[in-house]
Amino acid sequence: MTSRRTFMAGVAAGTAAVGALPAGAAAAAEAPGATGSGSAAGAAGRRVAVLGGGVAGLTAAHELAERGYAVTVYERRALGGKARSMDVPDSARGGRRPLPAEHGFRFIPGIYHNLPDTMRRIPFDGNPNGVWDNLVAPPEMMFARSGGREDLRGPIPWPGHEPAGLDVDELRRALTGLLETFFRLPLHETAYFVDRVLVFMTSCDERRDEVWERTPWWEFTRASRMSYEYQRILAIGVTRNIVATKAEEASTRTVGALGEAFVFNLLGRGADGAPDRILNLPTNEAWIDPWEAHLRSLGVEFRIGWTVREVRYGDGRITGVTMADPSGAARTVTADHYVSALPVEHARRTWGPALRAADPMLGRCDRLQTDWMTGIQFYLTERAPLVHGHLNCIDSPWSLTAIQQAEHWPDRDFPADYGDGTAVDCLSVDISEWDRPGMLYGKTAKQCTREEVAREVWAQLKAALNDSGRTVLRDGALHSWHLDPGVDGLGTPHPVNQDELLIHPVGTLHNRPTADTRIPGFFLCGDYVSVDIDLATMEGANASARAAVNALLEQDGSTADRCRVVPMYRPPELEPLRRHDRLRYRLGLRNVFDLG
């Protein structure tokens, strides 16, 4: 998850010269014959302003610095954006660290390849593979059901998982076994859903982009005809908890591509690692702080507290970026190249009419939609006997997912290291549905105060977990809670969220911009930029930053190695079926497995 912004308008020694420059101040001209290696501090054509310090911005800075560019990152709030962890204010006692909080729990599945590559290149003391070695795989997961119905709990088949064959019969057997074992749906619904998955997996790219992109997942899976369990798990559960989009609106292309990748991951194909991976420490300790230190060692400079106001355009180029510095004073920053790494809801506010006219692609970004998916943490004075991994409260009105974190942080003694010494665990919860009435107050999450949100989420957790004859969450064990500070104005007519998440209703694909723009020296990256993984993820942010750097290198005439951008895995065994489907699509025929 995300946020971003910084730069070096250098003089001789590379010292930042960020001042109130004239409105028309021009960026330095590109140096003839510039290459992508060697020291470049202050060199013409070599200074890059990266606007935003989230995963996308830090990735762009990393790739550029390794290629000799002088990079400064401008960040409004804190490095790491939505991915960062943060301190709970006034929670530390007796020399301990503050309690760790976060926008939402980190999830770095084995379907990711670009982000793990970056993590391997971030040094971490004692780790031969850098920060990547801080990834651990929870052994199980659970779907918690309310009303006394049996919870669905199962192991995650890793490590040592052997790749399976991927012919259609093997896929059908594997998918059917998974659904029957894990979800226990009616047999006819299981068979139907497996057939729908096979339709998607064997669909050609044209059918995916032109038909399934415009078909809601609810319609594709025929959810309206199916049981409550089918709807909650395979329609609503998949889309709301993972893609953060309502099933009735979500693009089948987006949901299907993500689900397909996880199926291949579970079958041991195209995986960087286990299907479910998390960090073995709070995010900043395990990843963001070491990343910042490494980037500083590469010469990257950071300007924290700088807010981008407008990317100014004139005479066919970017003339500078207007910002507010930490004191609120207006400043103009110039560079030779500009990489906008802001989330889309913030980035598009910085694009004025002239810039939008120069590249109509920017205007289409106004059609991209964002929604709320925000975290709250509950600190407990006893370990709750839940599950050794993620749990999904599939019947909860606010579509809650959660994980207990202390057991996955083996190098930390939670009460000895954090808070006041009495909290022994952190139950981190993501709230995916903010516009549906809850069970305590009959109000949506946005209509509740912060305190009411905490009480409501706690009540929904208990309804899902304490309904089977034993009490696993006790009110007396609740030490405190922390709701993401990016959410404000709850309980008022105008609630705001500084960290919304891009969602994927039908047609979203065709409004996502590319990393390269028609504007010289201006590039885009972020989880809204078009890359192979069609979802707002840290992997998408990382891949888009690599694409932006490659476009910059191309425009700069650089001879530096291009960033490797790894696409989603495509099993070769299914390519003949996809080619066959391409022929059927061009003839106006359904997919061969599509029986309606």
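Predicted model: local features only at pLDDT ≥ 70, side-chain atom pairs only at ≥ 80, totals over all residues.
Visitor: What makes up the protein's secondary structure?
Guide: The secondary structure comes to 16 helices and 23 strands. The protein has 596 residues, and 61% of them are buried. Its accessible surface is about 21,800 Å². Carbon and sulfur atoms hold 52% of that surface.

Visitor: Why is R269 called buried?
Guide: Buried means under 20% relative accessible area. R269 has 15%, so R269 counts as buried.

Visitor: What makes R269 and E573 a salt bridge?
Guide: The cut-off is a side-chain nitrogen of Lys or Arg within 4 Å of a carboxyl oxygen of Asp or Glu. Here N to O is 2.6 Å, and the side chains meet in a salt bridge. The pair links distant parts of the chain, 304 residues apart. R269 sits in the loop between α8 (252-266) and β8 (278-279). E573 sits in the loop between α15 (538-556) and α16 (575-586).

Visitor: Why can such side chains pair at all?
Guide: Side chains of opposite charge can pair when their charged atoms come close.

Visitor: How many salt bridges are there by this rule?
Guide: The count comes to 35 salt bridges. Some residues are linked in a network of salt bridges: E63, E66, R67, D117, R121 and R546.

Visitor: How do you know what K443 forms with E452?
Guide: The closest N and O atoms of K443 and E452 are 2.9 Å apart. The limit is 4 Å. The pair is a salt bridge.

Visitor: Are K443 and E452 buried or partly exposed, and why?
Guide: K443 has 25% relative accessibility, so K443 counts as partly exposed. E452 has 15%, so E452 is buried.

Visitor: What makes R512 and D534 a salt bridge?
Guide: Their side chains meet at 3.4 Å, N to O. That is within 4 Å. The pair links distant parts of the chain, 22 residues apart. R512 is in the loop between β22 (501-502) and β23 (522-524). D534 is in the loop between β23 and α15. Both R512 and D534 are buried.

Visitor: Why is D499 called buried?
Guide: The relative accessible area of D499 is 1%, so D499 is buried. D499 lies in the loop between β21 (496-497) and β22.

Visitor: What makes D499 and R77 a polar contact?
Guide: The cut-off for N or O atoms is within 3.5 Å. The side chains of D499 and R77 are joined by a polar contact of 2.7 Å.

Visitor: What is the order of the open sheet of five strands?
Guide: The order is β9-β2-β1-β13-β23, with parallel pairing. β9 (301-304) and β23 are the edge strands, and each pairs on one side only. The twist averages 20° from one strand to the next.

Visitor: How do you know that β1 and β2 pair?
Guide: Pairing needs at least two bridges. Five bridges join β1 (residues 47-51) to β2 (residues 70-75). The two strands run parallel. V50 has V73 in β2 as its bridge partner.

Visitor: Which helix lies across β1, β13 and β23?
Guide: Helix α15 lies across β1, β13 (337-340) and β23. α15 runs at about 160° to β23.

Visitor: How do you know that β10 and β11 pair?
Guide: Again, at least two bridges are needed. β10 (residues 307-314) and β11 (residues 317-324) pair over seven bridges, in the antiparallel sense. V308 has M323 in β11 as its bridge partner. Their hairpin has two residues between the strands, and D315 takes a positive phi near 55°.

Visitor: Why are β7 and β19 called edges?
Guide: The open sheet of seven strands has the order β7-β6-β16-β17-β18-β15-β19, with mixed pairing. β7 (152-155) and β19 (478-483) each have a single partner strand, so one side of each is left without a neighbour in the sheet. Within this sheet, five bridges join β17 (residues 400-404) to β18 (residues 425-431), running antiparallel.

Note on methods
Residues numbered from 1 in each chain as written. Heavy atoms only, no water. Helix = DSSP H or I, 4+ residues; strand = E, 2+ residues; numbered from the N terminus. Buried < 20%, exposed > 50% of the residue type's maximum accessible area, 1.4 Å probe, protein only. Polar contact = N/O pair within 3.5 Å; in protein donor to acceptor, adjacent residues only side chain to side chain. Axes fitted to C-alpha atoms, helices over the stretch in contact; angles between N-to-C directions. Contact = heavy atoms within 4.5 Å. Areas by Shrake-Rupley, 256 points an atom, 1.4 Å probe, with all protein chains shown as cover.
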